[in-house]
Amino acid sequence: MKQFTIELDFLRKAVFLHPPIKPFPPLAVHVNVGQQCNLDCVYCWRRDPDRAPANNSVQEKVGYDLKSLIDQLAEIGASTIEIAGGGEPLLFKDILGTMKYIKKMGLRGHLFTNGILFNEKNTEALIDMRWDFINFSLDAHSQDVFSRLKGSGKGSLSKVRTNVRRFAHMKKAKHLSSPSIRLSYIINRLNFNFIEEFIDLAISLSVNSIFFARFKQFPFNEELRLNEREEKVAMQIIDKNTGKLKKHNINVNSYFQSPNWPVRKFCVIPWFAPFITDDGVVHPCCCQLQKNMGDLKKNTFREIWEGEKYTQVRKRIRRQDWFKACKNCYLYIS
Ligand SMILES: C[S@@+](CC[C@H](N)C(=O)[O-])C[C@H]1O[C@@H](n2cnc3c(N)ncnc32)[C@H](O)[C@@H]1O
Ligand code: SF4
Ligand code: SF4
């Protein structure tokens with residue numbers, strides 16, 4: 001994880017100072033394995049009317065040759081595949097086979113999940129295949145907040161807590177340090193007052209890191225946005241607890257605390273993190289699903305990554321000619 005962070009920081013600086021037109025191999029390829037989800041988070045972009053509506057059935061397969069994509073990414077020297085995106089990846093039928101193949105091909109593997117569907121068997125499988133990183137999108141410290149934010153029933157937070165804890169226990173029993181476990185917390189009106197309680201929960205679960213983020217705004221989640229005073233409160237709570245986290249060896253990101261936010265100066269995403277939807281279409285980032293850089297059913301990844309459409313997007317970002325979707329985007333660096 002550390003090595004990846006250094007690479008990322010180095011790349012950000014390099015691209016920021018000298019943005020190239022011809023790209024290097026992507027660092028983090030976001031692969032979306034379906035729109036299906038077993039929760040319905042109030043802030044989630046899946047509620048955007050332009051996206052597919054939620055369903056909680058198992059997704060059988062994606063609409064393109066995912067194995068060939070993994071082969072191609074390994075061949076061009078991509079660093080990491082991030083399984084996240086449109087829905088809950090653990091509802092994808094061949095998720096374990098796909099993850100195993102990613103590791104077999106020598107790529108780093110990251111998984112974003114709500115964590116409900118872990119059990120003894122899939123936890124052990126992930127540890128044994130040396131999966132690198134799992135982000136549990138927790139967002140809450142109590143069942144009440146968890147239910148209000150995620151629309152889930154009684155006992156669901158306790159289930160996730162058990163599942164996170166199981167990773168720590170099994171890793172210890174096997175003398176392994178991966179996967180690195182992170183809890184994320186999308187700060188909003190319903191949870192900003194409970195950041196300290198969330199930090200205590202993270203400590204009690206022996207996780208490796210926590211991640212605080214603002215959320216990408218849409219008209220449907222506007223009322224969750226913090227006002228200036230609430231933002232200040234949230235930042236003060238994080239600041240106050242940074243020492244405690246350090247003492248417990250838990251890393252915390254600094255984006256939320258950035259004094260420059262939200263002054264956008266540059267965005268490096270089109271240089272290192274393509275977003276691929278389950279139909280095989282490549283997008284420049286998760287916020288621009290209407291922008292089609294190419295289709296993996298028709299072209300190789302390299303053809304798309306180095307193609308004219310991607311070049312045009314990079315040229316626009318280089319001259320800071322922002323897209324409509326860049327408004328309120330939380331992914332750029334400032
Ligand atoms: C869309 S989810 C898919 C994976 C899985 N279902 C999960 O919840 O982790 C991937 C990540 O996007 C985040 N996310 C969803 N809607 C968002 C928004 N409007 N702004 C910022 N992050 C968002 C979630 O918190 C989660 O960490
Ligand atoms: S669990 Fe993930 S995909 Fe599902 S609604 Fe919540 S954030 Fe969105
Ligand atoms: S700033 Fe624009 S290009 Fe960059 S990630 Fe956000 S929406 Fe995409």
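Visitor: Which residue is the bridge partner of Val282 in E10?

Guide: Strands (E, at least two residues) and helices (H or I, at least four) are DSSP runs, numbered from the N terminus, and two strands pair if DSSP finds at least two bridges between them. Here Gly294 is the partner of Val282; strand E9 (residues 281-283) and E10 pair in the antiparallel sense over two bridges. This is a predicted model, in which local features need pLDDT of at least 70, side-chain atom pairs count only at pLDDT 80 or more, and totals for chains, interfaces and linings use all residues. Residues are numbered from 1 along each chain as its sequence is written, while chains are lettered from A and ligands numbered from 1 in the order in which they are written.

Visitor: Why is strand E3 described as largely enclosed by the rest of the structure?

Guide: A residue is buried if 20 or more other C-beta atoms, placed from the backbone, lie within 10 Å of its own. Five of the six residues of E3 (residues 108-113) are buried, so the strand is largely enclosed.

Visitor: Which residues stand opposite Leu111 of E3?

Guide: Ile83 stands opposite Leu111, and in E4 the bridge partner of Leu111 is Ile134. E3 pairs in the parallel sense over four bridges with strand E2 (residues 80-84) and likewise, over four bridges, with strand E4 (residues 133-137).

Visitor: How do the residues of the shell around ligand 2 divide?

Guide: Ala, Val, Leu, Ile, Met, Phe, Trp, Tyr, Cys and Pro count as nonpolar, Asp, Glu, Lys and Arg as charged, and the others, Gly among them, as polar. This shell has four nonpolar, three polar and four charged residues.

Definitions and conventions. Buried ≥ 20, exposed ≤ 12 C-beta atoms within 10 Å, placed from the backbone.
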